[in-house]
Amino acid sequence: MAKIPISVIALYASESISLPSYKIPTTSKLLAAYKVIPLRISNQYEETIMVDRIIDIRREASTKVGGLGDRYTCLATRGDVQKQIYIYKDEDEWFLEDHFDR
Amino acid sequence: MDRTILHSDLNSFYANVECFSNPKIRDHPVVVGGLSEVRQGIVLAKNQHAKKYGIVTGEAVWQAQKKCPNLISVEPDFDKYLKFSRLARQIYERYTDQVESFGIDECWLDVSGSTRLFGSGEQVANEIRQTIKRELGITVSIGVSFNKIFAKLGSDMKKPDAVTMITKDNYKDIVWGLPASDLLYVGSATKKKLNYFGIKTIGELANADLSFLNRVLGEWGHVLHHFANGRDETPVKLNGSEKFVKSIGNSITLHRDVETVEDVKRVFYMLSESVAARLRDQSLKATTVQIVVRDNELVSCERQAKLTIASSLASEIAEKAMEIFIKKYYFNNPIRSLGVRACKLIPQDDPLQLDIFTDHQKHVRQEVLEQSIDDLRRRFGYNAVQRGILCEDRQLTGGNPKEDHVIHPVNFFDGTITPDYGLKA
């Protein structure tokens, strides 16, 4: 398996404030701690996936695809299907571990 | 009160980073080194599968492939390793501000002041080990002890992915049975001397007579005796304090072993250009030049000598390096790796004592020339201006050692004592 590159439209905070991780935070605290929240993602086939809710953010390595970074556990929707997915952000690069269909 | 010191050693660092980044090669024997198609390339690191075939770090990749025909060799990617090293360090900094690097993959941490917040040394070590595995996908071995030397010995003991405790109650059982060569700063020459006098283990070194050790090893006798008895009190430096530059050096493992003085001169000029440019970038001059020579049996030696006047000129540093080399090295074996280091640095603007024998006008003209070369290279690239000697063998001297990544070994004492432990017979 390889990283699935995606492009992301995200919300960025102008300042960062240090907060403890591993709590399940509200959007404003997430923004303050992690500076960026993904809102909508597009894969290489131009399919759009809307991020409905961020459940968790933590630094994690993906041994499946050999990548690491901030891992966003999200509830996301494509078409009529809503499911939980992981979105990774490694500095300026965003990627998925799995295709949305899997 | 006893300190709580951790020594963290990322296991088979380059190889594990490559295996993590590429899941397809994880279950195969992998080494990180040059490509065997161009014949040269040294094994820089090997993964657990490759270790089973008896592959040794430092041997040629083609030798490793003879031992293991289905070996996968990956070219090193130093940008990636520096990134992982930086991320590991950020994890250490969650527990303490006293984090001292010892190379790209090792760090000491002093968590004496953090135990109330995060738990005992062992608890902190286990938390760090699990966090690195979870966030970076690689493993680490950590030694926990009351001084830096024993903490480092601890991290060497159980690999991979383990924590070893060495306390005041158990150090004699755990450490004193180990070979004396396992102790930091006991290299091949010191080991030979100690063995000659029947001192083979750290325990025998610890119990040896101090005046005898001083006679045999000089000031190092006292230092090693202290280390062996767990009395090392060197502090773990505060994060960022090691930025003060005490020396600037460059070393390189060559594409092919060199056997002639002319080839050595070419390499010294290439390395001296990088060292001199970095001295000028930091507005420093060197008063001493040190060379490091490692042969194809991986035996190293270091020698140094004073410059006539303090200098940041590549030509003067290279000439001094050649002078030391010709005087001190006997070419018993072909050379695999060379290094040049500028030591005992002073600020560029410090006044210098002139003498009537040296042509100082020539020195000043040379300074202007080399600064102009720096400007041209900054604007048009490293290859815009080259010395003729570096064009004679592009395969040997075609790189840019200033910009290309070279990992610099770090002195434990940070320049206050410079051991000459690799003495050549």
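Me: Why is B:Asp9 called buried?

Reply: In this predicted model, B:Asp9 has a relative accessible area of 6%. Buried means under 20%, so B:Asp9 with its 6% counts as buried.

Me: What makes the pair B:Lys159 and B:Asp9 a salt bridge?

Reply: The N to O distance between their side chains is 3.0 Å. The rule asks for a Lys or Arg nitrogen within 4 Å of an Asp or Glu oxygen, so this pair passes.

Me: Which parts of chain B does the pair tie together?

Reply: B:Lys159 lies in the loop between helix 7 (148-157) and strand 8 (162-165) of chain B, while B:Asp9 belongs to strand 1 (residues 5-10).

Me: Where do B:Lys80 and B:Glu18 sit?

Reply: B:Lys80 is in helix 4 (residues 78-92) and B:Glu18 in helix 1 (residues 13-21), both of chain B. The pair is 62 residues apart and links distant parts of the chain.

Me: Why do B:Lys80 and B:Glu18 get the labels they do for accessibility?

Reply: B:Lys80 stands at 22% and B:Glu18 at 7%. With the cut-off for buried set at under 20%, B:Glu18 is buried, whereas B:Lys80 is partly exposed.

Me: What makes B:Glu100 and B:Lys148 a salt bridge, and where do they lie?

Reply: Their closest N and O atoms are 3.0 Å apart, and the cut-off is 4 Å, so the pair qualifies. B:Glu100 is in strand 5 (residues 99-101) and B:Lys148 in helix 7, so the bridge ties together parts of chain B that are 48 residues apart in sequence. Both B:Glu100 and B:Lys148 are buried.

Me: How many salt bridges are there over all chains, and which residues of chain B are linked in a network?

Reply: The count over all chains is 30. B:Glu273, B:Arg280, B:Glu370, B:Asp374, B:Arg377 and B:Arg387 are linked in a network of salt bridges.

Me: Why is B:Lys246 called partly exposed?

Reply: Its relative accessible area is 35%. B:Lys246 is in the loop between helix 12 (219-228) and strand 9 (248-258) of chain B.

Me: What share of chain B counts as buried, and what elements does the chain hold?

Reply: Of its 425 residues, 51% count as buried. Chain B has 16 helices and 12 strands.

Me: What is chain A made of?

Reply: Chain A has 1 helix and 7 strands, in the order β-β-α-β-β-β-β-β along the sequence. Of its 102 residues, 41% count as buried.

Me: How do you know that chain A and chain B touch?

Reply: Contact requires heavy atoms within 4.5 Å, and 14 residues of chain A are in contact with 13 residues of chain B. The area buried between them is about 1,100 Å², with 50% from carbon and sulfur atoms.

Me: What polar links join the two chains?

Reply: There are 3 salt bridges between chain A and chain B. One of them joins A:Arg59 and B:Glu135, whose closest N and O atoms are 4.0 Å apart. The chains also have 4 residue pairs in polar contact.

Me: Which strands of chain A supply the side that touches chain B?

Reply: Strand 4 (48-62) and strand 5 (67-78) each supply at least two residues. Strand 4 gives the most, with 4 residues. By class, this side of chain A has 5 nonpolar, 4 polar and 5 charged residues.

Terms used: Residues are numbered from 1 along each chain as its sequence is written. Chains are lettered from A and ligands numbered from 1 in the order in which they are written. This is a predicted model: local features need pLDDT of at least 70, side-chain atom pairs count only at pLDDT 80 or more; totals for chains, interfaces and linings use all residues. Side-chain values use heavy atoms; hydrogens and water are left out. Buried area is the accessible area (1.4 Å probe) that two parts lose on being put together, summed over both. A polar contact is a pair of N or O atoms within 3.5 Å; within protein, one must be able to donate a hydrogen and the other to accept it, and residues adjacent in sequence count only if both atoms are side-chain atoms. Ala, Val, Leu, Ile, Met, Phe, Trp, Tyr, Cys and Pro count as nonpolar, Asp, Glu, Lys and Arg as charged, and the others, Gly among them, as polar. Buried means under 20% relative accessible area, exposed over 50%, partly exposed in between (1.4 Å probe, protein chains only).
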